[in-house]
There are 2 protein chains.
Amino acid sequence: MEVQIAVAKVNKYATSESGDTLEVIERPNGGLSVVLADGQTSGRGAKAVSQLVVRKVLGLLAEGVRDGAAARAASDALYTDKKGKVICTLNIASVDLHSNTVVLTRNNPAPMYILRGETLDKLDAESVPLGISRDVRPLISEIALEPGLVVVIFTDGVTHAGERRGTPMEIGETIRAVMEDQDPTPQTLADALLGRAVELDENRPADDISVLVLKVSTRNGDNVRRMTVRLPIDGK
Amino acid sequence: MEVQIAVAKVNKYATSESGDTLEVIERPNGGLSVVLADGQTSGRGAKAVSQLVVRKVLGLLAEGVRDGAAARAASDALYTDKKGKVICTLNIASVDLHSNTVVLTRNNPAPMYILRGETLDKLDAESVPLGISRDVRPLISEIALEPGLVVVIFTDGVTHAGERRGTPMEIGETIRAVMEDQDPTPQTLADALLGRAVELDENRPADDISVLVLKVSTRNGDNVRRMTVRLPIDGK
(Lines give C-alpha, C1' and ligand atoms only; values in the text may rest on other atoms or scores of the structure.)
Protein backbone atom coordinates (compact mmCIF):
# COMPACT_ATOMS: atom_id res chain seq x y z
CA MET A 1 0.00 0.00 0.00
CA GLU A 2 0.92 3.63 -0.11
CA VAL A 3 -0.51 6.76 1.44
CA GLN A 4 -0.58 10.04 -0.43
CA ILE A 5 -1.40 13.32 1.22
CA ALA A 6 -2.09 16.58 -0.56
CA VAL A 7 -2.70 20.06 0.78
CA ALA A 8 -3.91 23.25 -0.92
CA LYS A 9 -4.07 26.48 1.03
CA VAL A 10 -4.81 30.16 0.31
CA ASN A 11 -5.10 33.26 2.45
CA LYS A 12 -8.21 35.37 2.89
CA TYR A 13 -8.29 38.03 0.19
CA ALA A 14 -5.87 40.90 0.81
CA THR A 15 -4.28 39.41 3.92
CA SER A 16 -0.62 38.46 3.90
CA GLU A 17 -0.89 35.88 6.64
CA SER A 18 -3.19 32.87 6.88
CA GLY A 19 -4.89 32.16 10.20
CA ASP A 20 -4.76 28.48 9.23
CA THR A 21 -1.66 26.51 10.21
CA LEU A 22 -0.89 23.08 8.80
CA GLU A 23 2.12 20.92 9.63
CA VAL A 24 3.08 17.31 9.00
CA ILE A 25 5.18 15.31 11.44
CA GLU A 26 6.59 11.80 11.49
CA ARG A 27 5.11 9.74 14.33
CA PRO A 28 7.66 8.27 16.74
CA ASN A 29 6.28 4.74 16.26
CA GLY A 30 5.93 4.93 12.48
CA GLY A 31 3.61 6.73 10.11
CA LEU A 32 2.82 10.40 10.13
CA SER A 33 0.34 12.97 11.38
CA VAL A 34 -1.08 16.03 9.67
CA VAL A 35 -2.24 18.75 12.05
CA LEU A 36 -4.53 21.56 10.83
CA ALA A 37 -5.73 24.44 13.01
CA ASP A 38 -7.80 27.52 12.20
CA GLY A 39 -7.50 30.36 14.71
CA GLN A 40 -10.44 32.66 15.40
CA THR A 41 -10.68 35.73 13.09
CA SER A 42 -7.91 36.15 10.50
CA GLY A 43 -4.48 37.68 9.99
CA ARG A 44 -1.70 37.94 12.53
CA GLY A 45 -3.68 37.26 15.70
CA ALA A 46 -5.34 34.16 14.26
CA LYS A 47 -1.98 32.92 13.01
CA ALA A 48 -0.44 33.18 16.48
CA VAL A 49 -3.32 31.16 17.94
CA SER A 50 -3.27 28.42 15.32
CA GLN A 51 0.54 28.18 15.57
CA LEU A 52 0.31 27.86 19.36
CA VAL A 53 -2.18 25.01 19.00
CA VAL A 54 -0.31 23.19 16.23
CA ARG A 55 3.03 23.43 18.06
CA LYS A 56 1.52 22.12 21.25
CA VAL A 57 -0.03 19.18 19.40
CA LEU A 58 3.15 18.43 17.40
CA GLY A 59 5.27 18.46 20.54
CA LEU A 60 2.98 15.99 22.28
CA LEU A 61 2.61 13.68 19.26
CA ALA A 62 6.41 13.62 18.93
CA GLU A 63 6.61 12.36 22.51
CA GLY A 64 4.21 9.54 21.67
CA VAL A 65 1.11 11.08 23.28
CA ARG A 66 -2.09 9.84 21.65
CA ASP A 67 -3.93 12.18 19.29
CA GLY A 68 -7.02 12.65 21.46
CA ALA A 69 -4.96 13.45 24.54
CA ALA A 70 -2.84 15.90 22.53
CA ALA A 71 -6.01 17.70 21.33
CA ARG A 72 -7.34 17.97 24.88
CA ALA A 73 -4.02 19.26 26.18
CA ALA A 74 -3.89 21.89 23.42
CA SER A 75 -7.43 22.97 24.32
CA ASP A 76 -6.55 23.32 27.99
CA ALA A 77 -3.41 25.28 27.11
CA LEU A 78 -5.39 27.65 24.86
CA TYR A 79 -8.17 28.06 27.45
CA THR A 80 -5.62 28.85 30.15
CA ASP A 81 -3.70 31.26 27.92
CA LYS A 82 -6.73 33.14 26.54
CA LYS A 83 -9.19 32.65 29.43
CA GLY A 84 -11.79 31.13 27.10
CA LYS A 85 -11.96 34.23 24.90
CA VAL A 86 -10.22 32.81 21.83
CA ILE A 87 -11.12 29.57 20.11
CA CYS A 88 -9.38 27.51 17.46
CA THR A 89 -10.49 24.54 15.40
CA LEU A 90 -8.28 21.48 15.16
CA ASN A 91 -8.14 18.44 12.90
CA ILE A 92 -5.52 15.71 13.15
CA ALA A 93 -5.22 12.99 10.51
CA SER A 94 -2.74 10.29 11.52
CA VAL A 95 -1.48 7.33 9.56
CA ASP A 96 -0.67 4.96 12.40
CA LEU A 97 1.50 2.07 11.21
CA HIS A 98 1.33 0.46 14.64
CA SER A 99 -2.44 -0.12 14.50
CA ASN A 100 -2.65 0.06 10.67
CA THR A 101 -5.39 2.65 10.89
CA VAL A 102 -6.07 6.22 9.97
CA VAL A 103 -6.98 8.09 13.15
CA LEU A 104 -9.08 11.22 12.60
CA THR A 105 -9.39 13.67 15.47
CA ARG A 106 -11.81 16.58 15.12
CA ASN A 107 -12.54 19.67 17.18
CA ASN A 108 -14.20 21.56 14.39
CA PRO A 109 -17.82 22.29 13.51
CA ALA A 110 -16.87 21.81 9.82
CA PRO A 111 -17.52 18.22 8.73
CA MET A 112 -15.08 15.75 7.20
CA TYR A 113 -15.79 13.44 4.27
CA ILE A 114 -14.76 9.81 4.02
CA LEU A 115 -14.87 7.97 0.72
CA ARG A 116 -14.60 4.18 0.68
CA GLY A 117 -15.13 2.70 -2.76
CA GLU A 118 -18.39 4.27 -3.96
CA THR A 119 -19.62 5.29 -0.51
CA LEU A 120 -19.19 8.90 0.53
CA ASP A 121 -19.83 9.55 4.22
CA LYS A 122 -20.13 13.00 5.75
CA LEU A 123 -18.93 13.05 9.34
CA ASP A 124 -20.85 15.97 10.81
CA ALA A 125 -21.59 15.01 14.40
CA GLU A 126 -21.48 18.12 16.59
CA SER A 127 -17.95 19.08 17.50
CA VAL A 128 -16.68 22.17 19.35
CA PRO A 129 -13.41 24.02 18.79
CA LEU A 130 -10.55 24.10 21.27
CA GLY A 131 -10.40 26.73 24.00
CA ILE A 132 -14.16 27.23 24.34
CA SER A 133 -14.39 25.73 27.84
CA ARG A 134 -12.59 23.37 30.15
CA ASP A 135 -12.57 19.69 29.27
CA VAL A 136 -13.24 19.94 25.55
CA ARG A 137 -13.33 16.48 23.99
CA PRO A 138 -12.48 15.69 20.38
CA LEU A 139 -14.45 13.34 18.16
CA ILE A 140 -12.22 10.47 17.11
CA SER A 141 -12.76 8.09 14.17
CA GLU A 142 -10.43 5.19 13.55
CA ILE A 143 -10.56 3.67 10.09
CA ALA A 144 -8.67 0.63 8.78
CA LEU A 145 -5.85 1.55 6.41
CA GLU A 146 -6.93 -0.01 3.12
CA PRO A 147 -6.72 0.81 -0.56
CA GLY A 148 -9.58 2.98 -1.79
CA LEU A 149 -9.90 5.07 1.37
CA VAL A 150 -9.99 8.83 0.80
CA VAL A 151 -10.33 11.36 3.62
CA VAL A 152 -11.18 15.01 2.96
CA ILE A 153 -10.67 17.63 5.67
CA PHE A 154 -10.98 21.42 5.39
CA THR A 155 -11.33 24.62 7.33
CA ASP A 156 -14.51 26.71 7.39
CA GLY A 157 -13.28 28.82 4.48
CA VAL A 158 -14.72 25.94 2.42
CA THR A 159 -18.01 25.51 4.28
CA HIS A 160 -18.69 29.26 4.20
CA ALA A 161 -17.59 29.84 0.61
CA GLY A 162 -20.22 31.55 -1.48
CA GLU A 163 -22.42 32.43 1.49
CA ARG A 164 -21.85 36.12 0.83
CA ARG A 165 -23.80 35.88 -2.37
CA GLY A 166 -26.19 33.13 -1.28
CA THR A 167 -24.58 30.30 -3.28
CA PRO A 168 -23.13 27.96 -0.66
CA MET A 169 -20.76 25.24 -1.75
CA GLU A 170 -21.99 21.71 -2.46
CA ILE A 171 -18.96 19.98 -1.03
CA GLY A 172 -20.15 16.39 -1.40
CA GLU A 173 -21.14 16.97 -5.03
CA THR A 174 -17.78 18.52 -5.84
CA ILE A 175 -15.98 15.52 -4.32
CA ARG A 176 -18.19 13.08 -6.28
CA ALA A 177 -17.66 14.96 -9.53
CA VAL A 178 -13.86 14.84 -9.20
CA MET A 179 -13.79 11.21 -8.07
CA GLU A 180 -15.71 10.18 -11.19
CA ASP A 181 -12.53 10.81 -13.15
CA GLN A 182 -10.03 8.02 -13.59
CA ASP A 183 -8.26 7.69 -10.22
CA PRO A 184 -7.58 11.40 -9.57
CA THR A 185 -4.57 12.27 -7.43
CA PRO A 186 -5.20 13.72 -3.98
CA GLN A 187 -3.72 17.02 -5.24
CA THR A 188 -6.32 17.13 -8.04
CA LEU A 189 -9.12 16.73 -5.49
CA ALA A 190 -7.65 19.26 -3.04
CA ASP A 191 -7.12 21.79 -5.83
CA ALA A 192 -10.65 21.25 -7.17
CA LEU A 193 -12.26 21.86 -3.75
CA LEU A 194 -10.11 24.92 -3.10
CA GLY A 195 -10.72 26.21 -6.63
CA ARG A 196 -14.49 25.83 -6.29
CA ALA A 197 -14.48 27.63 -2.93
CA VAL A 198 -12.43 30.52 -4.32
CA GLU A 199 -14.72 30.73 -7.35
CA LEU A 200 -17.82 30.94 -5.12
CA ASP A 201 -16.10 33.75 -3.21
CA GLU A 202 -15.68 35.53 -6.57
CA ASN A 203 -11.88 35.06 -6.48
CA ARG A 204 -11.62 37.05 -3.26
CA PRO A 205 -11.66 34.41 -0.52
CA ALA A 206 -13.79 35.64 2.40
CA ASP A 207 -11.66 33.57 4.79
CA ASP A 208 -8.45 31.55 4.87
CA ILE A 209 -9.08 28.26 3.06
CA SER A 210 -7.19 25.00 3.62
CA VAL A 211 -8.00 21.61 2.11
CA LEU A 212 -6.31 18.34 3.06
CA VAL A 213 -6.82 15.07 1.17
CA LEU A 214 -5.45 11.73 2.29
CA LYS A 215 -5.64 8.75 -0.05
CA VAL A 216 -4.68 5.12 0.50
CA SER A 217 -3.96 3.04 -2.58
CA THR A 218 -2.22 -0.15 -3.62
CA ARG A 219 1.51 0.32 -4.02
CA ASN A 220 2.07 2.09 -7.26
CA GLY A 221 5.82 2.22 -7.71
CA ASP A 222 9.03 2.20 -5.69
CA ASN A 223 9.72 2.33 -1.95
CA VAL A 224 10.83 5.98 -1.97
CA ARG A 225 9.26 8.46 0.41
CA ARG A 226 8.64 11.74 -1.33
CA MET A 227 7.53 15.18 -0.38
CA THR A 228 7.04 18.37 -2.36
CA VAL A 229 6.22 21.83 -1.11
CA ARG A 230 5.31 24.87 -3.18
CA LEU A 231 5.48 28.29 -1.53
CA PRO A 232 4.39 31.26 -3.66
CA ILE A 233 5.98 34.52 -2.56
CA ASP A 234 3.86 37.66 -2.77
CA GLY A 235 4.55 40.49 -5.11
CA LYS A 236 8.02 39.47 -6.27
CA MET B 1 8.65 34.26 -7.18
CA GLU B 2 7.93 30.85 -5.82
CA VAL B 3 9.94 28.31 -3.90
CA GLN B 4 9.58 24.60 -4.55
CA ILE B 5 11.05 21.97 -2.28
CA ALA B 6 11.31 18.28 -3.06
CA VAL B 7 12.50 15.39 -0.93
CA ALA B 8 13.27 11.76 -1.83
CA LYS B 9 14.21 9.31 0.91
CA VAL B 10 14.88 5.56 1.21
CA ASN B 11 15.99 3.29 4.03
CA LYS B 12 19.18 1.28 4.11
CA TYR B 13 18.55 -2.12 2.52
CA ALA B 14 16.60 -4.51 4.74
CA THR B 15 15.99 -2.01 7.55
CA SER B 16 12.47 -0.93 8.37
CA GLU B 17 13.43 2.36 9.92
CA SER B 18 15.53 5.18 8.45
CA GLY B 19 18.15 6.82 10.66
CA ASP B 20 17.53 10.00 8.68
CA THR B 21 14.80 12.33 9.88
CA LEU B 22 13.45 15.18 7.77
CA GLU B 23 10.76 17.64 8.77
CA VAL B 24 9.44 20.90 7.36
CA ILE B 25 8.10 23.68 9.55
CA GLU B 26 6.60 27.08 8.92
CA ARG B 27 8.78 29.87 10.34
CA PRO B 28 7.05 32.17 12.82
CA ASN B 29 8.03 35.28 10.86
CA GLY B 30 7.18 33.88 7.41
CA GLY B 31 8.74 31.30 5.14
CA LEU B 32 9.68 27.79 6.09
CA SER B 33 12.55 25.63 7.24
CA VAL B 34 13.53 22.11 6.24
CA VAL B 35 15.52 20.23 8.88
CA LEU B 36 17.46 17.06 7.97
CA ALA B 37 19.43 14.97 10.47
CA ASP B 38 21.30 11.68 10.07
CA GLY B 39 21.95 9.81 13.32
CA GLN B 40 25.07 7.69 13.74
CA THR B 41 24.74 4.05 12.58
CA SER B 42 21.32 2.97 11.26
CA GLY B 43 17.99 1.55 12.36
CA ARG B 44 16.16 2.26 15.58
CA GLY B 45 18.99 3.80 17.60
CA ALA B 46 19.96 6.18 14.81
CA LYS B 47 16.31 7.14 14.33
CA ALA B 48 15.95 8.08 18.01
CA VAL B 49 19.04 10.29 17.77
CA SER B 50 18.01 12.06 14.56
CA GLN B 51 14.47 12.57 15.90
CA LEU B 52 15.86 14.07 19.11
CA VAL B 53 17.96 16.52 17.11
CA VAL B 54 15.22 17.46 14.64
CA ARG B 55 12.65 18.00 17.41
CA LYS B 56 15.01 20.19 19.37
CA VAL B 57 15.74 22.29 16.28
CA LEU B 58 12.06 22.53 15.25
CA GLY B 59 11.04 23.61 18.73
CA LEU B 60 13.63 26.38 18.78
CA LEU B 61 12.91 27.58 15.23
CA ALA B 62 9.20 27.73 16.10
CA GLU B 63 10.07 30.07 18.96
CA GLY B 64 11.92 32.37 16.55
CA VAL B 65 15.46 31.26 17.53
CA ARG B 66 17.92 31.74 14.66
CA ASP B 67 19.04 28.68 12.74
CA GLY B 68 22.67 28.73 13.86
CA ALA B 69 21.73 29.09 17.51
CA ALA B 70 19.23 26.23 17.15
CA ALA B 71 21.94 23.99 15.67
CA ARG B 72 24.34 24.79 18.52
CA ALA B 73 21.66 24.17 21.13
CA ALA B 74 20.82 20.79 19.54
CA SER B 75 24.50 19.87 19.58
CA ASP B 76 24.84 20.76 23.26
CA ALA B 77 21.70 18.78 24.07
CA LEU B 78 22.99 15.73 22.19
CA TYR B 79 26.44 16.01 23.76
CA THR B 80 24.92 16.26 27.23
CA ASP B 81 22.54 13.36 26.62
CA LYS B 82 25.06 10.99 25.03
CA LYS B 83 28.29 12.24 26.68
CA GLY B 84 29.95 12.78 23.30
CA LYS B 85 29.56 9.15 22.29
CA VAL B 86 26.88 9.61 19.62
CA ILE B 87 27.01 12.08 16.78
CA CYS B 88 24.44 13.28 14.28
CA THR B 89 24.69 15.38 11.15
CA LEU B 90 22.36 18.32 10.65
CA ASN B 91 21.35 20.48 7.70
CA ILE B 92 18.81 23.27 7.87
CA ALA B 93 17.55 25.03 4.74
CA SER B 94 15.38 28.03 5.55
CA VAL B 95 13.42 30.29 3.26
CA ASP B 96 13.41 33.47 5.30
CA LEU B 97 10.84 35.94 3.98
CA HIS B 98 11.98 38.55 6.48
CA SER B 99 15.49 38.86 5.00
CA ASN B 100 14.50 37.46 1.57
CA THR B 101 17.29 34.95 1.72
CA VAL B 102 17.84 31.21 1.84
CA VAL B 103 19.80 30.42 4.99
CA LEU B 104 21.78 27.18 4.84
CA THR B 105 23.10 25.74 8.08
CA ARG B 106 25.44 22.75 7.93
CA ASN B 107 26.92 20.44 10.56
CA ASN B 108 27.74 17.68 8.13
CA PRO B 109 30.95 16.51 6.44
CA ALA B 110 28.86 15.85 3.30
CA PRO B 111 28.94 18.86 0.97
CA MET B 112 26.02 20.85 -0.43
CA TYR B 113 25.65 22.07 -4.01
CA ILE B 114 24.41 25.48 -5.07
CA LEU B 115 23.40 26.17 -8.63
CA ARG B 116 22.93 29.76 -9.80
CA GLY B 117 22.28 30.04 -13.50
CA GLU B 118 25.09 28.01 -15.10
CA THR B 119 27.37 28.08 -12.07
CA LEU B 120 27.48 25.00 -9.86
CA ASP B 121 29.28 25.52 -6.55
CA LYS B 122 30.21 22.73 -4.17
CA LEU B 123 30.21 23.88 -0.55
CA ASP B 124 32.63 21.48 1.08
CA ALA B 125 34.42 23.49 3.76
CA GLU B 126 35.16 21.25 6.72
CA SER B 127 32.13 20.82 8.97
CA VAL B 128 31.67 18.57 11.99
CA PRO B 129 28.50 16.79 13.09
CA LEU B 130 26.57 17.66 16.25
CA GLY B 131 27.41 16.05 19.58
CA ILE B 132 31.10 15.47 18.86
CA SER B 133 32.36 18.00 21.46
CA ARG B 134 31.24 21.08 23.32
CA ASP B 135 30.74 24.27 21.38
CA VAL B 136 30.24 22.82 17.91
CA ARG B 137 29.65 25.59 15.38
CA PRO B 138 27.68 25.23 12.17
CA LEU B 139 28.72 26.66 8.81
CA ILE B 140 26.13 29.16 7.65
CA SER B 141 25.60 30.44 4.11
CA GLU B 142 23.04 33.11 3.35
CA ILE B 143 22.01 33.46 -0.28
CA ALA B 144 19.65 36.00 -1.83
CA LEU B 145 16.29 34.54 -2.77
CA GLU B 146 16.21 34.92 -6.55
CA PRO B 147 14.90 32.98 -9.53
CA GLY B 148 17.35 30.38 -10.82
CA LEU B 149 18.72 29.39 -7.43
CA VAL B 150 18.84 25.64 -6.77
CA VAL B 151 20.17 24.13 -3.54
CA VAL B 152 20.95 20.41 -3.23
CA ILE B 153 21.45 18.81 0.19
CA PHE B 154 21.86 15.11 1.04
CA THR B 155 22.98 12.69 3.71
CA ASP B 156 26.11 10.57 3.41
CA GLY B 157 24.15 7.71 1.87
CA VAL B 158 24.71 9.71 -1.34
CA THR B 159 28.40 10.53 -0.85
CA HIS B 160 29.21 6.92 0.08
CA ALA B 161 27.07 5.29 -2.62
CA GLY B 162 29.01 2.85 -4.76
CA GLU B 163 32.09 2.86 -2.51
CA ARG B 164 31.52 -0.81 -1.74
CA ARG B 165 32.37 -1.70 -5.30
CA GLY B 166 34.80 1.14 -5.94
CA THR B 167 32.53 3.24 -8.13
CA PRO B 168 31.83 6.37 -6.08
CA MET B 169 29.12 8.73 -7.19
CA GLU B 170 29.87 11.78 -9.33
CA ILE B 171 27.35 14.03 -7.66
CA GLY B 172 28.18 17.25 -9.50
CA GLU B 173 28.02 15.49 -12.86
CA THR B 174 24.65 13.94 -12.05
CA ILE B 175 23.27 17.37 -11.09
CA ARG B 176 24.62 18.93 -14.30
CA ALA B 177 23.20 16.14 -16.46
CA VAL B 178 19.69 16.57 -15.01
CA MET B 179 19.79 20.36 -15.12
CA GLU B 180 20.58 20.26 -18.85
CA ASP B 181 16.99 19.20 -19.41
CA GLN B 182 14.34 21.83 -19.92
CA ASP B 183 13.69 23.30 -16.46
CA PRO B 184 13.44 20.03 -14.48
CA THR B 185 11.29 20.04 -11.36
CA PRO B 186 13.05 19.73 -8.00
CA GLN B 187 11.44 16.30 -7.62
CA THR B 188 13.03 15.16 -10.89
CA LEU B 189 16.46 16.20 -9.62
CA ALA B 190 15.97 14.67 -6.16
CA ASP B 191 14.72 11.40 -7.68
CA ALA B 192 17.62 11.30 -10.15
CA LEU B 193 20.24 11.73 -7.42
CA LEU B 194 18.58 9.15 -5.18
CA GLY B 195 18.12 6.77 -8.11
CA ARG B 196 21.77 7.05 -9.11
CA ALA B 197 22.92 6.41 -5.52
CA VAL B 198 20.69 3.35 -5.21
CA GLU B 199 21.92 2.07 -8.57
CA LEU B 200 25.56 2.41 -7.48
CA ASP B 201 24.69 0.45 -4.33
CA GLU B 202 23.33 -2.28 -6.64
CA ASN B 203 19.73 -1.61 -5.53
CA ARG B 204 20.61 -2.46 -1.93
CA PRO B 205 21.35 0.91 -0.32
CA ALA B 206 24.34 0.56 2.02
CA ASP B 207 22.96 3.39 4.15
CA ASP B 208 19.83 5.50 4.58
CA ILE B 209 19.69 8.01 1.73
CA SER B 210 17.90 11.38 1.78
CA VAL B 211 18.02 14.06 -0.91
CA LEU B 212 16.54 17.55 -0.57
CA VAL B 213 16.27 20.01 -3.46
CA LEU B 214 15.14 23.61 -3.10
CA LYS B 215 14.44 25.67 -6.20
CA VAL B 216 13.51 29.34 -6.56
CA SER B 217 11.76 30.36 -9.75
CA THR B 218 9.62 33.14 -11.15
CA ARG B 219 5.97 32.77 -10.20
CA ASN B 220 4.54 30.10 -12.36
CA GLY B 221 0.85 30.01 -11.55
CA ASP B 222 -1.56 30.84 -8.76
CA ASN B 223 -1.07 31.95 -5.16
CA VAL B 224 -1.95 28.55 -3.66
CA ARG B 225 0.42 26.88 -1.23
CA ARG B 226 0.64 23.19 -1.93
CA MET B 227 2.19 20.17 -0.33
CA THR B 228 2.19 16.50 -1.26
CA VAL B 229 3.54 13.58 0.71
CA ARG B 230 3.93 10.00 -0.46
CA LEU B 231 4.44 7.30 2.16
CA PRO B 232 4.99 3.76 0.86
CA ILE B 233 3.98 1.09 3.39
CA ASP B 234 6.12 -2.04 3.55
CA GLY B 235 4.86 -5.46 2.57
CA LYS B 236 1.17 -4.64 2.30
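Q: A:Phe154, buried or exposed?
A: Buried: A:Phe154 has 1% relative accessibility. Buried means under 20% relative accessible area, exposed over 50%, partly exposed in between (1.4 Å probe, protein chains only). This is a predicted model: local features need pLDDT of at least 70, side-chain atom pairs count only at pLDDT 80 or more, and totals for chains, interfaces and linings use all residues. Side-chain values use heavy atoms, without hydrogens and water.

Q: How many aromatic pairs over all chains?
A: Two. Rings of Phe, Tyr and Trp (its six-membered ring) pair if their centres lie within 6.5 Å; planes under 30 degrees apart are stacked, over 60 edge-to-face, the rest tilted.

Q: How are the rings of A:Tyr113 and A:Phe154 placed?
A: Their centres are 6.1 Å apart and the planes sit at 35 degrees, so the pair is tilted.

Q: Which strands hold them?
A: A:Tyr113 is in β6 (residues 112-116) of chain A and A:Phe154 in β9 (residues 149-154) of chain A, so the pair links parts 41 residues apart in sequence. Strands are DSSP runs (E, at least two residues), numbered from the N terminus.

Q: And A:Tyr113, buried or exposed?
A: Buried, at 7% relative accessible area.

Q: Switching to the core. Which members touch the most others?
A: In the largest nonpolar core, with 55 residues, they are A:Val3, A:Leu104, A:Leu214, B:Val3, B:Leu104 and B:Leu214. Such a core is a set of buried Ala, Val, Leu, Ile, Met, Phe, Trp, Tyr and Cys residues joined through side-chain atoms within 4.5 Å.

Q: What is B:Leu104 in contact with?
A: Beyond neighbours within four places in sequence, its contacts (heavy atoms within 4.5 Å) include B:Ile92, B:Met112, B:Ser141 and B:Ile153.

Notes
Residues are numbered from 1 along each chain as its sequence is written. Chains are lettered from A and ligands numbered from 1 in the order in which they are written. Helices (H or I, at least four residues) and strands (E, at least two) are DSSP runs, numbered from the N terminus.
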